[in-house]
Amino acid sequence: MSLRQRHTLSRPGHEYERAQEEEHADDVYQNPNSRHPIEKILETDRASTIVVAVLTTLAFALRFYKINQPDQVVFDEVHFGKFASYYIQGEYYFDVHPPFAKLLFGLAGWFSGFDGQFHFDNIGDSYTANHVPYVGMRALPAILGSLTVPVVYAIMKQSGYSTIISAFSAAIILFDNAHIAQSRLILLDATLIFFMSLTIYAYIRFQKLRYREFSTEWWGWLLATGAFMACTWGSKVNGILTVVTIGIAVLVDLWKLLDHRRGSMDYFWRHFIARSIGLILVPFVIYLSFFYVHFALLPTSGPGDSFMSPAFQETLSGNEMLLSSKEIRYYDTITMRHKDSKVYLHSHVERYPLKYDDGRISSQGQQVTGYGHADTNNYWQVYPTKAIPETGSGRVVRHGDVVQLLHVNTNSFLLTHDVASPLMSTNQEFTTWPKDDKSKHNETLFTLNLIDANDGQAWKTKSGYFRLVHGKTRVSMWTHSKQLPEWAFKQQEINGNKNPTEKTATWFAEDVILDEDEEDDRVESQPAKAPKKMNFFKKFAELQLLMMQHNAGLTASHPYASGPINWPFLLSGISFWTESDTQKQIYLIGNLIGWWTCVVALSIYVGILGADLLARRRNHEPIPEPVRNRLWNSAGFFFLVWGVHYAPFFLMSRQLFIHHYLPSHLASALIAGAILQFVLSETVNYPISIRGPKTRAQIRQYSDIGLKGPIILGIYCVLLFAMFAYIAPLTYGTPGLTGEQVNSKRLLSTWTLHFAAKKTAEV
Amino acid sequence: MPSAVAVDFGEDISPTRTSSDFEEINYPSHHESSLPSYYMEDKARRRTKGPVSIMEEEKVPLVPQNEYFDDEGKDVYNKRPPKSRVSSGRMWQAPPPRPASLQEFFLQNMEHIPPIIYTLLSCWTRFHNIGASDIVVWDEAHFGKFGSHYLKREFYFDVHPPLGKMLVGLAGLLAGYDGSFDFKSGTQYPENVPYVAMRVMLATFGVGMVPLGWYTAVELGLSQWACHLVALMVLFDVGWLCISRFILLDSMLLFFTFLTVFCLTKFHNQQHDSFGFDWWMWLVFTGLSIGWVTSVKMVGLFVTALVGLYTIEDLWEKFGDLKMPVRDHVKHWGARIACLIVIPILVFMASFKIHFMVLNHSGPGDAQMSSLFQAHLVGNDFNKNPLEIAFGSRLTLKNMGWGGGLLHSHVQTYPVGSSQQQVTCYHYKDENNEWIVLPRWDEAEYNPNEPEIRFLHHGDSIRLSHKPTTRNLHSHPIPAPVTKLNWEVAGYGNSTIGDQQDHWIVEVVDDVVRGDIKKHKDEKEQRIHSLTTRLRFKHQILGCYLRAANAILPQWGFKQIEVSCQAADATSKNDVHTYWNVESHWNDRLPLGDQKYYRSPFLRDFWHLNVAMMTSNNALIPDPDKEDILASKPFEWPFLHIGLRMCGWGDSQLKYYLLGTPIIWWGGSLSLVLAIVTVGVYLMRAQRKYVDMNDREWNHFMYVTKIAFLGWALHYVPFLVMGRVTYLHHYLPTLYFSVLMLAHMLDHFVFSSRRWTQKTKAIVFGVCATLIFGTFWWFRGVAFGIAGPVNDHWGLLWRKSWNIYN
């Protein structure tokens, strides 16, 4: 009871204080002329333009400084440079990332006169020796990386922060060693980050126009958001996270529109449809068009062929499948290879030992193994189990046929039976059985299942895969990378996998072996084949699926891979390139001051929101409404960007590197600006959304940081630059460092730099 | 409008009242517990533009049904005004009067008749023909064996906490089993193993699931129809049935999971009387139950998380209650911390304490524990080690990292790097773990006949010679095979060949018993002791530390743990992976030790064992080299894509196939989807200001939905993210929540809806019950055992992906 009393008593006083506060606010914040003179100057368009110009110039200077250094292939330039050369040569390649950024590199290479002959095979290969116009290619990410800085400034400015605050956020990106190192090389991240920041910018512009819905400007920024989003997604797989971010923001937005006070359902549906067009349809069409260009530019066979389905491969000119695929007929002698490990199905006269090391017993039959090299013991002859005509198409082996395979050199049929295989007790042993002994005829029957085939489709060499399923026990012929012991000459084990549709139990027929005197009637009888056509959407769907599968499959360990939890704290970097003679190295690492500022800002932000939630739960409202609004909506959006670009990595099991954090780092720089504004002053520029025809006029407020803003920014920039300059040799890969210098640059003990001097052993 | 209006008695009292008014109310102002919680006024489904007025609540007719007054005619309602706001829990109900006659007693307890019947039925399903298969089925091979270890009191190591396995041991003890059988998979039980009695005892936990399911449904406020359905589904799911009938941990895990949910719902319904006796009782039981379920299997942490989320929401609600005194806030927090955090941890630790107390003999799990712990096990001779290490001592070195092994070497060489002899870390005792401490190459050769014994001290530089191969422990600037940033450690040379790279500096970290012995003045105190002294080995030339972390060598290294040498500046001082201790120690010239020198504190053992369990649990990742036909992926579970053969599939043997009752699994999974859609639609309608339910109804609807949906998600999503091997039976606790959701959805749309007549509801119930029982009866064979050739049993292959037929 007493509590309640106190509450009611304090209420009038509270009201009074509030009124006082508001009057005070009237005086100070609502009159633009009562701001500090410095603030007034800085907030003019002219001052803003000058700041942008300075920032942009510096950004270009820092990113283009010694861009020709090193004149060697660095880190993932191995991949992305190579892809550019494939575009120029038109050879089909396969990669897990969508093609937009790589297309840009191809374009940059083409503009700068690259002929595509150089294949970027190894890190450290010389560009100058091979006459590669690499500076032109590196200029592209450098330009995009430099332009990211003014975009960051514009994002902050548009979100209503002061010039000083906007410059602060931009400076964190401007002087960041990781962003610089990443944008000076032929890598995709600069493109990704540039378009991501543009997407954020466009979406904010769009949001600010929310009271002028369906105006031309509104449509313009909506479509721009969609277009930039498509470019982000098209640059790198991670770009999908930007799509998710915008998606979540739009859902929140739509949820607010659903409120019945906002209008009828018709009104809601109009909004819904507008967003579907702008943020789903248009981006998707743009995304598709990247692939359209991609396929159009890569008409000929190349290193990516073997990833694709046979139907796809036949659309590439010069593809081997297209040129030399042959139908297999009964009594042909053929060789077969396993799809993944590429071993031939092989057999030889040696037999399985009666007893294995673990005490299990074998059938002591003839060994059937996987062998990596061409050999006459790889020859198998296809026997029919039905009557076939003398000539004609009746002799062709077809999908679903039951066949026997005769090992030519030992004249015995392939067989499997319910005996455990040498290495895996769960799988069946494969062996052979003499041709003339009919006692085990049933166990030598196999069904030929061509993958994705129609009934009656012919079995062809090189074109398409098959599974060989045993008729009686329903196991499928399978192999794995484990070697058999010495008694089988360390060849690969072949066994029967109990899952008849096992994905890795796929094989292809390599070739038809012809006797010397036999004439090859098949190739001659067919005219030179033209590449087949395939529906673009089918191609697109196939490639998307493969990209996803391979992206998830990148799980091999890498010495410089690191876990996401290390990233914000900058605990480890990546060694991009080293040169032993001159002791030069490029080590991808961020600006320690900038990154740690961002971490501090993030924790302050979470703290403020938490405190605000708790306080409001207890009916206190410690933060004035406009400021709170800004913290939740504007900084909240940045926080969403940060979280969505960061959290999913915790769930991924693929290889992760610190450069995956760069988009999140950019978002955290935006939050750092918002927090600085909050800490320095309780003022905001408000409202910032453009007033619509029906919206009520609101009392304007003006942000005023005063003199302390420029001073803090100045000091901070000096610190940032000092830190940047200190670790710059690692970023630019020049000049070379002595061992002691390397040691002194190793600011955190977790950084693994090369050429460190040995510390004298302390005993 | 604050949501609490509906039930907050203090809110809409006119301002003229004084606080003493509470005492004078002679009748409660409303009494919603007498209404079914699904009560919905016809007119409620309408749209209001303005704020929903309090009038809403007043329209609720006040129909007290359970109006009991005891003989003295006292108004029992007066005594217990609700103390705090209640969001959806049941209101306090007056206890019924004492039964005057037997008939009255029956009438009062009518509600307990159905669960009793269901329990009796479950006894039949669980115990029917339980001993039919007299062979070791499936994981009985593991858990039966662990039970035997308890009876033989031999220390073993396993990834699961001990409570469940101790109960298996207890069942064995009660059944008169002596622990002599080794439970080899697929073998026949010998005469002296009372496996039937053991199975029956463990199946009793399975029996207990049924009444718990019923009463949980009652506590969740579901209608009688829905309660019957929950009980029927728990009773007739062949998956739960099958898994409960063997010597496995799952029946216990399921029972305790059910129990935890039951206690939680019971506790929720005591909210009207915070800090009352019942409130405390159910809170304490929830805590105990959490402790038990996590002590059976770590999966119990998921249901713990459910309780945690519930508690967080509850406290958040209370935090917003401005009228609650601070003292009550503190009490609420204190009660939760004490009952839901402290009690479970105590239960968990107690189970380990008993585990250590029972297993006091040396056994197969020794090597997972610290050397010091092993010294206490009966049958272990470490405590006979000579205490002080000297030059010429033969010893084994144990890595002190979690689950660390013994420094090991064998004649096989590295196929990469230097091609010298491999040095690894190995978990089993073996002659290849033995090393001899020798002086440096530039010192006089060790002479066993020298009269003075040279003891080992901090800072001494030594050479370690591998006993069986005489190779020296050696490191050189060649990258290690797996941890490429470290240097390789190899065995090099022999007793006469070697170089400076064989020299290691012994650094003492501290001594577990004697503390920092480096600071001691007395030379004798500075000596290095076996077992208790923690050491590091620093390479004299490279300055790197000998380290064995959790990097596993490929097949050529027999999947043993890689040993490497990590640069000093990359090594943290506190990295236990660089700490070693002497485990076995032989030296003929020194006196034997005594147990009294070696002590191992419980907390340290407890922690060590838990970290070791975690490490090996996470190491259960799918092995690409080993195709596991039994393993399955989580997304194959909800719609029962696969089943699991639990034993051999020969024609002559009884075959068990782990498979759920399809109707229950499919219906449950569909109901989850339906729940998401329903909540989405309701939320959107609320956003458009349609009023479908009043606040109390909405809160209750959401409460049940949250328990079922979050429970399901918490038990399911982690498996999607986890890297380890997953099996179908991991879905069994999860299934419970989808069953609850199915009942809840049926309840919401059919049984509690006013749209349907009683007759329609009865028909729907009849159809559901028949389907459940029918499919159960159809599939009963998979749990009771399929005799004869499986292909003779027609019609079981409802999905092509099941490998039930040959």
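In chain B of this predicted model, residues 24 or more positions apart make up 75% of the contacts that have a separation of 6 or more. The chain contains 20 helices and 17 strands. It has 806 residues, and 54% of them count as buried. Its accessible surface comes to about 35,100 Å². Carbon and sulfur atoms account for 61% of that surface.

One disulfide is present over all chains. It joins Cys544(B) to Cys565(B), with the two sulfur atoms 2.0 Å apart. The link is right-handed, with 95° about the S-S bond. It connects distant parts of the chain, as the two cysteines lie 21 residues apart. Cys544(B) sits in the loop between strand E10 (533-539) and strand E11 (545-547) of chain B. Cys565(B) belongs to strand E13 (residues 564-566) of chain B. Cys544(B) has a relative accessible area of 0% and is therefore buried. Cys565(B) is likewise buried, at 0% relative accessibility.

Other cysteines of chain B were examined in turn. Cys123(B) is partly exposed, because its relative accessibility is 24%. The closest cysteine sulfur to that of Cys123(B) is in Cys242(B), 18 Å away, and so too far for a bond. Cys647(B) is in no disulfide either. For Cys647(B), the nearest cysteine sulfur is again that of Cys242(B), at 8.7 Å. A disulfide requires sulfur atoms within 2.5 Å. Cys647(B) is buried, with a relative accessible area of 13%.

Helix H17 of chain B covers residues 662-687. It has 26 residues. From its first C-alpha to its last it reaches 38 Å, close to the 38 Å expected at 1.5 Å a residue. Just after this helix, Lys689(B) adopts a positive phi of about 65°. Within H17 lies Ser669(B). Its relative accessible area is 4%, so Ser669(B) counts as buried. Beyond residues up to four places away in sequence, Ser669(B) touches Pro638(B), Phe639(B), Tyr731(B) and Ser738(B).

Pro97(B) lies 11 residues from Gln108(B) along the chain. The C-alpha atoms of these two residues are separated by 9.4 Å.

On chain A, a nonpolar surface patch of about 690 Å² was found. It is made by Leu223(A), Met265(A), Trp269(A), Phe272(A), Ile273(A), Ile277(A), Leu281(A) and Val285(A). Helix H12 (residues 265-297) of chain A gives the largest share, seven residues. An α-helix has 3.6 residues a turn, so residues three or four places apart point the same way. Leu281(A) is one of the patch residues and lies in helix H12 of chain A. With a relative accessible area of 51%, Leu281(A) is exposed, because the exposed class begins over 50%.

Conventions:
Residues numbered from 1 in each chain as written. Chains lettered and ligands numbered in written order. Predicted model: local features only at pLDDT ≥ 70, side-chain atom pairs only at ≥ 80, totals over all residues. Heavy atoms only, no water. Helix = DSSP H or I, 4+ residues; strand = E, 2+ residues; numbered from the N terminus. Buried < 20%, exposed > 50% of the residue type's maximum accessible area, 1.4 Å probe, protein only. Expected span 1.5 Å × (residues − 1). Patch = residues over 30% accessible without salt bridge, like charges linked within 9 Å, V, L, I, M, F, W, Y side chains within 5 Å. Areas by Shrake-Rupley, 256 points an atom, 1.4 Å probe, with all protein chains shown as cover. Salt bridge = Lys/Arg side-chain N within 4 Å of Asp/Glu carboxyl O. Contact = heavy atoms within 4.5 Å.
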